[in-house]
Amino acid sequence: MGTECGGPPAKKSEKLFARAQESLVGGVNSPVRAFRQVGGTPRFLVRGKGSQVWDADGRRYVDFCMSWGALLLGHADPAVVQAVRSAAGKGTSFGAATEAEVRLAEEVKKRFPSVDLLRFVNSGTEATMSAVRLARGYTDRQKILTFEGEYHGHADSLLAKAGSGVAAAGLPGSAGVPPGAVEDTLVATYNDLASVEAQFRAHDGQVAAVLVEPVAGNMGVVPPDPGFLEGLRKLTQDAGALLIFDEVITGFRVAAGGAQERYGVRPDLTCLGKILGHGLPVAAYGGRRDVMERLAPLGPVYQAGTLAGNPIAMAAGLAALRRIRPPLYARLEKRGAQLESALRDAAQAAGVPVTVNRVGSMLGLFFRSGFVRNYGDARSMDAAAYGRLFWALLRRGVYFPPAPFETVFLSAAHIRPDLDKAAAALHDGFREVAHG
Ligand code: PMP
């Protein structure tokens with residue numbers, strides 16, 4: 001566990017957190033924000049601009065969490081802010097069809113050729129939950145196969161052996177999930193095709209879909225081994241099951257067309273979120289026409305939303321996608337490589353064994369040596385050391401995700417001085433970790 005000792009007091013955050021706990025569960029609206037995995041008081045943030053955020057006590061940090069990956073262009077991107085202002089002035093919600101929904105759908109389709117038709121929803125959770133229902137409705141089968149340590153949102157059926165906050169809390173799943181809700185959820189090992197084959201053999205003809213984060217981003221970052229995604233494609237095809245890519249994190253991040261573009265594997269369905277709304281609550285699921293046409297109002301699978309396709313969220317997504325152009329990915333790659341080197345160099349200089357996994361602007365830091373190819377590997381790291389590093393960095397104005405098993409995110413707004421500041425903080429931070 002980390003400690004705040006040694007830093008100047010964060011009086012306003014402390015006061016706000018005490019007050020928050022009187023009316024919000026744990027003082028937060030999403031568990032990892034409570035800093036339980038790193039200890040100490042969460043910083044209340046008041047403002048963000050580009051790569052920087054400011055807390056209630058007026059301290060500035062270089063942000064490497066970026067709203068958990070939603071902000072590819074950085075905080076308060078002027079085009080996104082302008083689009084939001086303009087859309088809000090015309091009405092905050094209609095619950096009726098608007099042109100902005102059509103335009104954003106067209107922009108998604110341009111980047112994701114596997115998507116013939118899509119549906120907007122409000123969160124990644126809704127996207128994966130609905131894609132699973134659709135896969136079941138389409139195949140008339142029940143079983144869903146997922147991977148230990150991945151996270152697909154908090155739908156009952158997907159909280160079996162999940163990663164992210166669930167992993168950090170050390171919970172096998174969640175209380176309140178009836179056994180019946182997960183009895184059709186099969187769990188295999190990421191990067192282990194034999195474990196997938198074994199599940200297919202044991203449940204022959206019953207698997208509706210394989211749901212996978214093509215780059216795992218909720219057990220730290222774990223890239224797919226060469227051939228893993230291709231193997232999933234073949235196994236699902238042979239078994240008459242659908243392949244669903246949960247690209248809530250990777251969509252628009254690891255390439256304009258997500259992991260499916262980067263690795264050249266075409267799923268049947270895709271879930272998107274985060275960058276799609278660039279900080280506003282929007283997500284989507286889409287894919288093959290014949291599958292999507294099973295969805296109401298065309299087909300018998302029901303899914304709906306009062307605020308789905310919200311005009312402000314659509315405007316934000318459109319403005320963001322217009323600004324996300326190919327040269328941006330080359331820059332993210334370069335900055336990602338710089339941060340990767342900074343992490344390795346600082347750890348090595350301090351004699352702290354680490355493994356750094358990186359896919360473009362997603363980085364995973366594991367306090368252990370050797371390859372990290374699955375959740376078993378990730379879980380064996382020294383999570384307490386992460387907490388110590390987190391606080392050492394925060395005190396030096398560098399905001400990493402406040403929990404191990406999360407992704408360190410870069411944005412297009414991170415510039416060289418941000419990376420230099422992070423490198424210096426990491427150098428000192430790892431020394432603190434080494435000295436306990
Ligand atoms: N899928 C993945 C891969 C995610 O990382 C997340 C959230 N981090 C979700 C789904 C759920 O998205 P949301 O938090 O918007 O419900």
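Analyst: Two strands count as paired if DSSP finds at least two bridges between them. Helices (H or I, at least four residues) and strands (E, at least two) are DSSP runs, numbered from the N terminus. The model is predicted: local features need pLDDT of at least 70, side-chain atom pairs need pLDDT 80 or more, and totals for chains, interfaces and linings use all residues. Residues are numbered from 1 along each chain as its sequence is written, and side-chain values use heavy atoms, without hydrogens or water.

Start with the sheet. Strand 11 and strand 12 (residues 362-366) run antiparallel and are joined by 5 bridges. Within this pairing, R358 has L363 of strand 12 as its bridge partner. The sheet is open and has 3 strands, in the order 11-12-14, with antiparallel pairing. Strand 11 (355-359) and strand 14 (408-409) are the edges. Each has a single partner strand, so one side of each lacks a neighbour in the sheet.

Now the helices. Helix 13 (residues 326-350) packs with helix 16 (residues 416-434). Their angle is about 25 degrees and their axes lie 8 Å apart. Axes here are lines fitted to C-alpha atoms over the stretch in contact, with angles from 0 to 180 degrees between N-to-C directions. Helix 13 is therefore roughly parallel to helix 16 (under 35 degrees; over 145 is roughly antiparallel, 65 to 115 roughly perpendicular, the rest oblique). The contact (heavy atoms within 4.5 Å) includes R335, L339, L343 and A350 of helix 13. From helix 16 it includes R416, L426, F430 and A434. By class, 13 residues in the contact of helix 13 with helix 16 are nonpolar, 2 are polar and 3 are charged.

Next, the backbone. The peptide bond from A296 to P297 is cis, with omega near 15 degrees. P297 sits in the loop between helix 11 (289-292) and helix 12 (311-323).

S67 and K274 are residues other than glycine with positive phi. For S67, phi is near 50 degrees. S67 belongs to helix 2 (residues 66-69). Its relative accessibility is 38%, so S67 counts as partly exposed (buried is under 20% relative accessible area, exposed over 50%, partly exposed in between, with a 1.4 Å probe and protein chains only). For K274, phi is near 40 degrees. K274 lies in the loop between strand 9 (269-272) and strand 10 (283-287). At 26% relative accessibility, K274 is also partly exposed.

Key:
Ala, Val, Leu, Ile, Met, Phe, Trp, Tyr, Cys and Pro count as nonpolar, Asp, Glu, Lys and Arg as charged, and the others, Gly among them, as polar.
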